[in-house]
Amino acid sequence: MNITDIISRLGVDEAALKNGELIVDTPIDGSEIARIAMDDAAGVETKIAQSQDAFLQWRSVPAPRRGELVRLLGEELRAHKEDLGRLVTIECGKILSEGLGEVQEMIDICDFAVGLSRQLYGLTIASERPGHHMREAWQPLGPVGIISAFNFPVAVWSWNAALALACGNSIIWKPSEKTPLTALATHALLHRAIKKFGDAPAGLSSLIIGGRETGEQLVDDRRVRLVSATGSTRMGREVGPRVANRFGRVLLELGGNNAGIIAPSADTELALRGVCFSAAGTAGQRCTTLRRLFVHSSIYDEFVPRLKAAYASLPVGDPLETGTLVGPLVDKAAFDRMHYALDRAKVQGATITGGERVGDSGWYVRPSLVELPKHDGIVCEETFAPILYVMKYNDLDEAIEMQNNVDQGLSSCIFTRDVLEAERFLSATGSDCGIANVNIGPSGAEIGGAFGGEKETGGGRESGSDAWKAYMRRQTQTVNYSTELPLAQGVKFNI
Ligand code: NAD
């Protein structure tokens with residue numbers, strides 16, 4: 001696998017891939033593809049200081065001009081979609097179509113943020129005082145720290161970066177230690193855009209390479225006004241209180257344990273395809289992967305055997321090859337965690353198909369279907385692998401209750417052609433997740449909606465809708481344009 005040409009077209013100096021301490025392996029066959037230098041504490045400190053200085057200049061640049069930088073980034077991404085998408089596949093193992101899809105998502109959020117840069121709208125509010133105007137304005141916030149996970153090595157950065165830059169902030173990115181190469185390449189593309197832009201302040205965007213300790217430095221630094229952290233619930237449990245302790249702002253995008261309900265009226269052909277993509281696609285390594293399936297007892301014996309047959313036919317293999325639908329797990333630790341979960345399911349009385357290793361280089365597995373008598377134990381945990389727990393239900397209330405009865409609250413779906421069931425699922429007493437879909441699986445969100453989840457998923461929202469507000473400082477402004485000084489609530493204070 002020769003990545004030299006790819007990375008040089010993306011603007012990364014080949015020397016940057018040699019002689020560093022951080023060893024990068026490709027999940028495709030486990031071979032080493034780079035050794036990248038890590039930032040030490042002093043280097044991170046310098047980058048945070050530069051980021052603060054850059055923010056003080058960038059916040060005064062008119063927002064539509066800031067949007068121009070994001071537009072130029074989108075152009076670089078369009079021009080290099082094929083190379084960056086391929087590198088995503090090489091470094092994190094998702095199939096090429098999904099690697100390219102990840103870059104498309106980056107382009108989409110850039111387009112969104114360019115439009116946003118001509119909006120960033122506030123409100124006017126009626127004042128109780130004569131001769132007064134009251135309004136709400138949105139101001140740039142400060143340096144934004146972005147901590148990202150391995151499974152969306154570049155898209156998650158773009159969701160944050162495009163909005164943060166348009167909103168007038170500087171950005172500092174700590175990518176996963178498993179995927180620093182795509183981060184270097186993405187950052188090189190941003191720097192090309194910055195060069196074309198012309199007068200952006202130095203230090204507007206920084207990349208820091210390292211492990212947890214490097215992330216912790218961002219987390220604890222008071223100058224980093226927002227920490228947007230994507231990863232496991234374990235990570236969020238550490239990051240959240242630390243940022244709160246210094247009264248910083250935190251946006252958490254953590255683990256999911258997403259469910260689907262197959263109702264009696266479902267279009268089962270559609271449901272079958274939706275389930276396969278969202279449960280086995282990306283080798284089960286999406287935060288929105290379908291992990292729990294509730295099938296109505298009246299169709300269980302017809303639907304589940306068809307699902308098993310579809311699972312058995314899923315092509316598992318090299319993610320760069322056309323036709324492959326399931327690539328490798330990211331590493332051996334992921335394989336071990338998958339098998340730990342399957343062993344626990346066995347103890348809970350599960351009937352298991354799939355799960356076995358495929359080949360002996362890289363960590364490829366056949367996606368696993370696990371039929372369980374009860375919603376309990378291991379089912380309530382997120383295992384970041386292609387395991388789909390399948391259970392029967394008899395009435396919709398019971399299915400919704402099981403679906404909601406986990407600590408995570410990211411994504412959910414129902415397959416039904418019954419409008420009453422669909423609307424019940426979407427009602428206040430339905431799904432308790434940040435995302436609720438009808439007749440599509442829980443994964444594969446579009447950037448136009450706010451993305452994120454409830455409970456232990458962290459409560460943060462990124463990407464579309466009004467998620468941009470998390471990247472800005474809200475200010476209520478009152479202007480007295482009269483020659484009197486009436487006080488609110490009729491208070492008198494005459495001197
Ligand atoms: P991870 O928690 O191991 O690491 C994520 C990032 O956090 C890495 O950059 C890591 O270096 C950093 N980190 C870890 N501990 C830290 C600490 N104490 N302080 C600061 N930084 C720290 O997650 P992962 O294995 O890379 O990714 C998989 C997990 O991410 C899954 O749980 C998945 O559901 C979740 N995820 C969630 C979303 C979402 O939007 N909700 C998206 C993608 C992935």
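How many cavities of 30 Å³ or more does the count come to? The count comes to 1 cavity. The model described here is a predicted one.

## The seven-stranded sheet

An open sheet is built from 7 strands, and their order is E12-E15-E16-E11-E10-E18-E19. The pairing in this sheet is mixed. Strand E12 (351–353) and strand E19 (435–438) stand at the edges, and each has a single partner strand, so one side of each has no neighbour in the sheet. On average, neighbouring strands of the sheet are turned by 20° against each other, with direction ignored. Strands of a sheet pair through backbone hydrogen bonds, and the pairing is either parallel or antiparallel.

Ser 368 has Ile 387 of E16 as its bridge partner.

## Helices across the sheet

Which strands does helix H11 lie across? Helix H11 (residues 297–312) lies across strand E10 (258–262), strand E11 (290–296), E12, E15 and E16. The helix runs at about 140° to E11.

Helix H12 (residues 332–347) also lies across strands of the sheet, namely E12, E15 and E16. Helix H12 runs at about 25° to E16.

## The three-stranded sheet

Another open sheet has 3 strands in the order E3-E4-E23, and the pairing is antiparallel. Its edge strands are strand E3 (123–125) and strand E23 (472–480), each of which pairs on one side only. Neighbouring strands here are turned by 25° against each other on average, again with direction ignored.

Strand E4 (residues 132–140) pairs with E23 in the antiparallel sense over 9 bridges. Within this pair, Arg 135 stands opposite Gln 477 of E23, and Pro 140 stands opposite Met 472 of E23. E3 and E4 also run antiparallel and are joined by 3 bridges. The hairpin of E3 and E4 has 6 residues between the strands, and in it Gly 131 takes a positive phi near 70°.

## A pair of helices

Helix H3 (residues 63–79) and helix H6 (residues 155–166) have axes that come within 8 Å and cross at roughly 150°. Angles over 145 degrees count as roughly antiparallel, so H3 is roughly antiparallel to H6.

Which residues make the contact? From H3 they are Ala 63, Arg 66, Leu 69, Val 70 and Leu 73. From H6 they are Trp 157, Ala 162, Leu 165 and Ala 166. Sorted by class, the contact of H3 with H6 has 8 nonpolar residues, no polar ones and 1 charged residue.

## The cavity

Rolling a probe the size of a water molecule over the atoms shows where empty space is left. The largest cavity in this model has a volume of about 30 Å³. Its lining is made up of Cys 92, Gly 93, Lys 94, Phe 150, Asn 151, Thr 282 and Gln 285. By class, 2 of the lining residues are nonpolar, 4 are polar and 1 is charged.

## The second largest pocket

How much space lies in the second largest pocket? The volume there is about 250 Å³. The pocket is lined by 16 residues. Of these, Asp 25, Thr 26, Lys 178, Val 330 and Asp 331 lie nearest the centre of the pocket.

Strand E1 (residues 22–25) gives the largest share of this lining, 3 residues. By class, the lining of the second largest pocket has 6 nonpolar, 3 polar and 7 charged residues.

Technical notes
Residues are numbered from 1 along each chain as its sequence is written. This is a predicted model: local features need pLDDT of at least 70, side-chain atom pairs count only at pLDDT 80 or more; totals for chains, interfaces and linings use all residues. Side-chain values use heavy atoms; hydrogens and water are left out. Two strands pair if DSSP finds at least two bridges between them. Helices (H or I, at least four residues) and strands (E, at least two) are DSSP runs, numbered from the N terminus. Axes are lines fitted to C-alpha atoms, for helices over the stretch in contact, and angles run from 0 to 180 degrees between N-to-C directions. Contact means heavy atoms within 4.5 Å. On a 1 Å grid over the protein atoms alone, a cavity is a set of points where a 1.4 Å probe fits but cannot get out, and a pocket is an open set with protein on both sides within 12 Å along at least five of seven lines; lining residues have an atom within 4 Å of a point. Grid points are joined across faces, edges and corners, and a volume is the space filled by probe spheres set on the points. Ala, Val, Leu, Ile, Met, Phe, Trp, Tyr, Cys and Pro count as nonpolar, Asp, Glu, Lys and Arg as charged, and the others, Gly among them, as polar. Angles under 35 degrees count as roughly parallel, over 145 as roughly antiparallel, 65 to 115 as roughly perpendicular and the rest as oblique.
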